[in-house]
Amino acid sequence: MANLKSIRDRISTVKNTKKITEAMRLVAAAKVRRAQEQVTATRPFADRLAQVLYGLQARLRFEEVELPLLRERTLSKVCLLVITGDRGLCGAYNSNVIKRAEERSRELRAKGVDYSFVLVGRKAIQYFQRRDQPIEATYANLEQIPTAGEAANVADKLLSLYLSETVDHVELIYTRFLSLVNAKPVVQTLLPLDPDELVVAEEDEVFRLTTRGGQFEVERDRTARPTPQEMPSDMIFEQNPVQILDALLPLYLNNQLLRALQESAASELAARMTAMNNASDNASDLISTLTLSYNKARQASITQELLEVVGGAEALN
């Protein structure tokens with residue numbers, strides 16, 4: 001009977017755990033949808049900014065413009081901006097980003113280039129602080145759905161490091177959202193800005209979380225960037241076009257950083273949703289196995305009691 005009770009208690013515990021993991025999966029799915037809505041909401045500003053940059057490119061040659069954010073420098077120190085999450089229970093999401101950041105730091109060290117970190121997310125902060133790595137700034141407890149204000153705070157720090165020539169290069173290491181079960185840590189150069197990337201009209205993708213047959217799926221829609229529109233040749237600028245470009249480039253950097261934060265958040269939530277879905281499936285399998293063990297043990301107990309009764313009756317006769 002003691003064995004039956006322990007199995008019953010374990011079945012009850014696993015069922016309660018399954019309720020928790022299922023609730024966490026649904027919460028993560030709802031937040032992925034919110035992240036999707038935010039990407040869509042910020043798109044008009046990004047499109048308008050791209051149009052203005054296209055127009056300025058028609059009036060200026062970026063290669064001939066002497067602006068700090070466009071000028072290449074001799075590489076002596078690189079700032080690595082690493083974006084992870086504040087929480088766990090999301091599979092290998094955090095460890096994959098940290099591993100990619102360590103690989104990049106080793107590559108730079110092998111080339112004789114100094115480096116330092118700007119860390120976003122409690123997991124990265126805890127990991128690199130324990131290893132006494134050079135850290136310029138840390139940002140934790142950001143909103144799970146990143147905001148433009150948070151992106152601007154991080155961008156301001158990066159700009160101050162770059163413009164003060166504390167660092168000569170800024171690289172972003174984050175997780176690019178591909179699907180619910182596939183996210184890829186990538187390294188992207190943030191500063192100096194590449195003039196070609198500012199004006200090339202390339203297609204973008206927007207993900208949409210949907211349900212089909214009771215299962216979550218991601219649909220990706222390709223969205224073409226707005227057609228470049230040249231500014232009229234007789235347009236008179238109130239300010240020098242170079243000054244306008246100098247003011248727009250930080251906005252472009254903020255937009256790039258916001259998009260990276262959004263993709264990282266979506267990747268983390270998708271990883272958590274997948275991990276909780278796998279945990280729920282494993283709990284269901286374990287409940288089935290324990291139920292079978294319980295039924296076998298119960299049958300053996302009933303059989304044993306019947307044999308004892310029959311044996312007792314025969315002894316009395």
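1. Helices and strands are here DSSP runs, at least four residues long for a helix and at least two for a strand, and they are numbered from the N terminus. The structure under discussion is a predicted model. By that naming, aspartate 132 lies in the loop between H3 and E3. The points below begin with the whole chain and then turn to single elements and residues.

2. Overall make-up. The chain contains 6 helices and 7 strands. Read from the N terminus, the order of these elements is α-β-α-β-α-β-α-β-β-α-β-β-α. Of the 317 residues in the chain, 42% are buried. When contacts between residues at least 6 apart in sequence are considered, 74% of them join residues at least 24 apart.

3. The largest nonpolar core. This core has 38 residues, and Leu81 and Leu158 are those with the most contacts inside it. At least two residues of the core come from each of these elements: helix H1 (2-59), strand E1 (77-83), strand E2 (114-120), strand E3 (135-139), helix H4 (148-163), strand E4 (169-179), strand E5 (182-191) and helix H6 (241-316). Helix H6 gives the most, with 9 residues.

4. The packing of H2 and H3. Two packed helices are described by the angle between their axes and the distance between the axes. In this model the axes of helix H2 (residues 93-110) and helix H3 (residues 122-130) come within 10 Å, and they cross at roughly 45 degrees. H2 is therefore oblique to H3. The crossing of H2 and H3 is right-handed. On the H2 side the contact is made by Asn94, Ile98, Ala101 and Glu102, and on the H3 side by Lys123, Ala124, Tyr127 and Phe128. Sorted by class, the contact of H2 with H3 has 5 nonpolar, 1 polar and 2 charged residues.

5. The buried residues of H3. An α-helix has 3.6 residues a turn, so residues three or four places apart point the same way. The student may keep this spacing in mind when reading the next list. In H3, the residues Ala124, Ile125, Tyr127 and Phe128 are buried. The elements that cover the buried residues of H3 include E1, H2, E2 and E3.

6. Lysine 123. This residue is placed in helix H3. Is lysine 123 buried, partly exposed or exposed? Lysine 123 counts as partly exposed, because its relative accessibility is 28%. With neighbours within four places in sequence left aside, lysine 123 is in contact with Thr84, Gly85, Asp86, Arg87, Gly88, Asn94 and Ile98. Lysine 123 and isoleucine 83 are 40 residues apart in sequence, and their C-alpha atoms are 9.3 Å apart in space.

7. Two residues with positive phi. Aspartate 132, which comes after H3, has a positive phi, near 55 degrees; this is a positive value in a residue other than glycine. Aspartate 132 counts as exposed because its relative accessibility is 70%. Asparagine 141 is not a glycine, yet its phi is positive too, about 60 degrees. Asparagine 141 is in the loop between E3 and H4. With 63% relative accessibility, asparagine 141 therefore counts as exposed.

8. Proline 146. Where is proline 146 found? Its place is the loop between E3 and H4. At 5% relative accessibility, under the 20% limit for buried residues, proline 146 therefore counts as buried. Proline 146 is in contact with Gln38, Leu258, Leu261, Gln262 and Ala265, once its neighbours within four places in sequence are left aside. In sequence, proline 146 and alanine 35 are 111 residues apart; in space, they are 8.1 Å apart, C-alpha to C-alpha.

9. A cis peptide bond. The peptide bond from leucine 191 to proline 192 is cis, and its omega is near 0 degrees. Proline 192 belongs to the loop between E5 and helix H5 (195-199).

Key. Residues are numbered from 1 along each chain as its sequence is written. This is a predicted model: local features need pLDDT of at least 70, side-chain atom pairs count only at pLDDT 80 or more; totals for chains, interfaces and linings use all residues. Side-chain values use heavy atoms; hydrogens and water are left out. A nonpolar core is a set of buried Ala, Val, Leu, Ile, Met, Phe, Trp, Tyr and Cys residues joined through side-chain atoms within 4.5 Å. Buried means under 20% relative accessible area, exposed over 50%, partly exposed in between (1.4 Å probe, protein chains only). Axes are lines fitted to C-alpha atoms, for helices over the stretch in contact, and angles run from 0 to 180 degrees between N-to-C directions. Angles under 35 degrees count as roughly parallel, over 145 as roughly antiparallel, 65 to 115 as roughly perpendicular and the rest as oblique. A crossing is left-handed if the near helix is turned anticlockwise from the far one by less than a right angle, and right-handed if clockwise. Contact means heavy atoms within 4.5 Å. Ala, Val, Leu, Ile, Met, Phe, Trp, Tyr, Cys and Pro count as nonpolar, Asp, Glu, Lys and Arg as charged, and the others, Gly among them, as polar.
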